[in-house]
Amino acid sequence: MNIFVCIKQVPDTETKVTPNGDGSFIETNSIKWIMNPYDEFAVEQALLLKAANAGATVTVARVGAVKDTESLRTALAMGADDAILVEAEDNLDSYMTAKALKGAIEKSGKSADFIFTGKQAIDDDCLQVPQLLGQMMNLPSVSVVVGFEANDTSLTIKREIEGGALEIYEFSAPAVIACNKGLNTPRYASLPGIMKAKKKPLLQLSLADVSVSAEDRRIVYTDFQLPPEKPAGKTFSAMEEGTQQNVVSEVVSLLRNEAKVI
Amino acid sequence: MDFSYTDEQKEIREQVLKFSKNEILPIAQELDTHETFPLDLLKNAWQLGFVNTSIPAEYGGVGFKTLDSVIISECLAYGCMGVNTILMANDLALLPIVIAGNHEQKERFLKPFTEDYKIAAFCLTEPGHGSDAAGVKTHFKEDGADLIINGEKMWITNAGFADLFVVYGTIDAKLGHKGLSAVVVDGKSQGIKLGKPEKKMGHKCSDTRSVTFENVRIPKENILGNLGEGWAIAMKTLDHSRPLVASSAVGGAQCALDLSKKYAQERIQFGKPIAQHQAIQFMLADMAMKVEASRLLVFKAAWLLDEGKPNTEASSYAKAFAADACMEITTDAVQIYGGYGYSKEYPVEKLMRDAKLIQIYEGTSQIQRLVIAREVLKY
């Protein structure tokens, strides 16, 4: 059984994101990178599936800048068997990313039985790669997955929908499964795991190797800006006897006419 | 010279810190309040390989360098200095075996610690002998193939849960440090009497007691090195363990700094966050400087050891500086929190109480200065 996990490296949730000099992207030099939190559920699910199937292997793939490979190392330390890095700028759009991941999976020489991803990356929040990947590879894909059961290749998948209800899908692998919080509890990498990780194979590819070129770009980033600063709030004093009625009338009128919320 | 972490050390730091922030920090306050020995948490840490990192690979351990071990220790202490005390006490007790044990002893004593979570206790201090370690009174009497132990040990971390004790004693108290010897005692041996758990200012989740040895009989195969070599073993152990204890101070201090930084950016006084008042900025700057200086001293002491170079002086620099800095930083953290800092509802008063012990155990800050002065005046 060949299991693939596609992960993305994203800025740490505590990072203060700023546009770069010419506004073409965000400033990436001072960022501390982490594995996209939703991808941790994908790695964990892949490892659980591997543990339940003797001889199964987990390959973890990532598209992005080469300077930091922490996320891939973390996935290997958690227990993945090998890794593929497609070297690229951090500003690829979803279409290019999905195409590059498809190419990486094909270049591995293994046919994918399962492809796990996170449901979205927390940096650009596009929520597109899993579906695009399924489409490109002609595989079924389900996102926002909170329940996963596999009986050989027949799958029972639960996904969360509006209002906390669940949709249940039954279909067969191979498939793309995009994981959500609640699916499992991702493990920590153990120290022996970290030691072993450095000896695990990491295949490095270029965008050309996976047949992705500038012509594949569907979305061009034109300008990154910080959101405008919020104007200072209004304060009202109703401490003095007899002023309450006027203050309440004023606030209600402002909420109705200016903020237009009531 | 290179001040950067290796890729592997970066990964170790990330993972242990993540564990510490998610699994230790959220329960640290509760463990302190109820004085709970957190067995499940400890087992969890052991399973991830965060414990007993000094056991060599040939005996089933990870065989980490001291530099790796201090990185791990700092990250664990970030979550709770008390929890780290429990974990570190294992290293402290196992180090004499790693340093002075023969092959058979390492097989017999170290291997079980890699197969299951086990607890060890280091017994040097006595009611009348703390800093003056050469004066210990615990008596070892040779009896054929055995050794009979009599004496009382004080402030023994992990005593109530120990599977194994490493005990320092003397064949003849008149010999001073030349009579000192180190032996391994099975925790289930006849004649071991445990005192009640001590009521402490901090590190409340750790178990601290007196241990009395009454005619405890052990085979001579449990003697580390030879009788009379205990002093050398103890000194070498301290060269290893002082950077480790100092790293605990770095972890606690970093936690205090991070909490203070966050609070100072949220707490509004005179119309702006207190972090925008210069008085608070200067405190934060001092705290940050001291944390980094402590960390560098710890790394230097650990690095020297890994390079096989003398590190006694550097270890004492690290231990004294980091412990004193941790005390100052945690005290300043309480100051920055103001009234809230003095309340148990907030996390910093616990850090201040925990910091105090690091100035005391494993050689007080004053003993470290004696060691340093001795080295300074040599030249």
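Two residues are in contact if their C-beta atoms, placed from the backbone, lie within 7 Å. The structure I present today is a predicted model.

Let me start with the meeting of the two chains. Chain A brings 12 residues to the contact, and chain B brings 12 residues as well. On the side of chain A that touches chain B, the elements that give two or more residues are α2 (70–78) and α5 (191–197) of chain A. Sorted by class, this side of chain A has 7 nonpolar, 2 polar and 3 charged residues.

I turn now to chain A as a whole. Chain A contains 6 helices and 11 strands. Its radius of gyration is 23 Å, well over the 18 Å that the globule rule gives for 262 residues, so chain A is more spread out than a compact globule. The C-alpha trace of chain A spans about 80 × 45 × 40 Å along its principal axes. Of the 262 residues in chain A, 37% are buried.

Chain B, finally, is assigned domain 1 (7–115), domain 2 (120–228) and domain 3 (231–376). The C-alpha centres of domain 1 and domain 2 of chain B are 22 Å apart. How many residues of domain 1 of chain B are in contact with domain 2 of chain B? There are 21, and they meet 18 residues of domain 2 of chain B. On the domain 1 side, α1 (7–34) and α4 (81–100) of chain B each give two or more residues, and α4(B) gives the most, with 13 residues. By class, that side of domain 1 has 14 nonpolar, 5 polar and 2 charged residues. Thank you for your attention.

Notes:
Residues numbered from 1 in each chain as written. Chains lettered and ligands numbered in written order. Predicted model: local features only at pLDDT ≥ 70, side-chain atom pairs only at ≥ 80, totals over all residues. Helix = DSSP H or I, 4+ residues; strand = E, 2+ residues; numbered from the N terminus. Nonpolar A, V, L, I, M, F, W, Y, C, P; charged D, E, K, R; others polar. Domains from an automatic or database assignment. Rg over C-alpha atoms; globule rule 2.2 N^0.38 Å. Buried ≥ 20, exposed ≤ 12 C-beta atoms within 10 Å, placed from the backbone.
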